[in-house]
Amino acid sequence: MTSVSNNIYATLCNGKQIPLLGLGTFQSTSDDVKEVIKTAVGIGYRHIDTARAYRNETEIGGAIKELIDTGVIKRTDIFVTTKLRGTFHRPENVEHALKLSLEALQLEYVDLYLMHSPMALEYRGDDAFWPTREDGTLAHDDIHFVETWKIENHPFLDQKELIDLCKSNDVMVTSYSPLGAPDRPTRKLGVNDIQISVANDAETFQVNSLIKEIAKARGCSASQLLIAYNLNQGMACIPKSSNPIRMEENYKALKVSLTDDDIRRMDTLACNFKAYPFKLWENHIHYPFTTSHKESPASS
Ligand SMILES: NC(=O)c1ccc[n+]([C@@H]2O[C@H](COP(=O)([O-])OP(=O)(O)OC[C@H]3O[C@@H](n4cnc5c(N)ncnc54)[C@H](OP(=O)(O)O)[C@@H]3O)[C@@H](O)[C@H]2O)c1
């Protein structure tokens, strides 16, 4: 395995560079995430996406420290994103939340700090991620978001208007769930936390006939095509995998060149499918997904 990176970079409006391909880590559990990060860097990934809510910052930080201490990478070689939990949205809580993340990550800075969602929740302590009211519903806070421009993006969801708006305002877009999040959790609110059960995985994007046809024509896998769909449009993209073979497969999407016609044909698949409609929050004053959505894409 090599630690040479073949990344493609984009320049952010502050002049910093972001590697377009990143590694998603939601549901990469603390048991395996340290090895996952070391393997990813070995493959060539230089952009890691985490969040305080993923509860894996400590392990990711441990892996990065080890990679830096052993001379595999320098801090400046790697782009680390983490996210502000909705319980810390009040301006007086943001610095504290960032310090908690930096401490867990054992870093002096992160390269990108995003609001995890536009919907704020009441602060009830550093680890109370899902504060509830007496009736068991989520304890919403009405503090307004300023900007949150990480979005779900894939051919099955038309985000063109939002992406064009970002482009015209020099705002970089990162696409999450590029593979349709086939293992997305079905979330049910429990008393103190969320309970996660794995959703039925019958309809992954990989089995769509148009995706298969274009992938075959470009000599790549369906997953590589779905990642390349974002990269070829200049967006950053953070497919999650904790499997070394799939991590390597996804990394090779950097080499997949698509034509405008490929993109246009993939765009015809748009059916307003959202892997993460965040239904738990739909009564929140800042819930953004007011248009109807589908919870499963057409598979052919
Ligand atoms: N800001 C937000 O609100 C937000 C929301 C959602 C996601 N995200 C970020 O975006 C990342 C990616 O999104 P996601 O995790 O929802 O979904 P995703 O990347 O679309 O899909 C991940 C799933 O696909 C599987 N997979 C990966 N590569 C594959 C391949 N080549 N062939 C077949 N299956 C493959 C993974 O399994 P294995 O691990 O077993 O390979 C995993 O089950 C997250 O991990 C997170 O970092 C952010």
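Which residues are exposed on the other side of H5?

1. This is a predicted model, in which local features need pLDDT of at least 70 and side-chain atom pairs count only at pLDDT 80 or more, while totals for chains, interfaces and linings use all residues. Residues are numbered from 1 along each chain as its sequence is written.

2. Helix H5 spans residues 209-218, with Ile211, Ile214 and Ala215 buried (20 or more other C-beta atoms, placed from the backbone, within 10 Å of a residue's own; exposed means 12 or fewer, partly exposed in between). These three lie on the same side of H5, because they cover an arc of only 105° around the axis, taken from the directions from the helix axis to the C-beta atoms. Exposed on the other side of H5 are Ser209, Glu213, Lys216 and Ala217. Helices are DSSP runs (H or I, at least four residues) and strands likewise (E, at least two), numbered from the N terminus.

3. The cover over the buried residues of H5 includes helix H6 (222-231) and H8, contact meaning C-beta atoms, placed from the backbone, within 7 Å.

4. Asparagine 272 has a positive phi near 60° and follows helix H8 (260-267); asparagine 272 is partly exposed, with 13 C-beta neighbours inside 10 Å.

Key. Contact = placed C-beta atoms within 7 Å.
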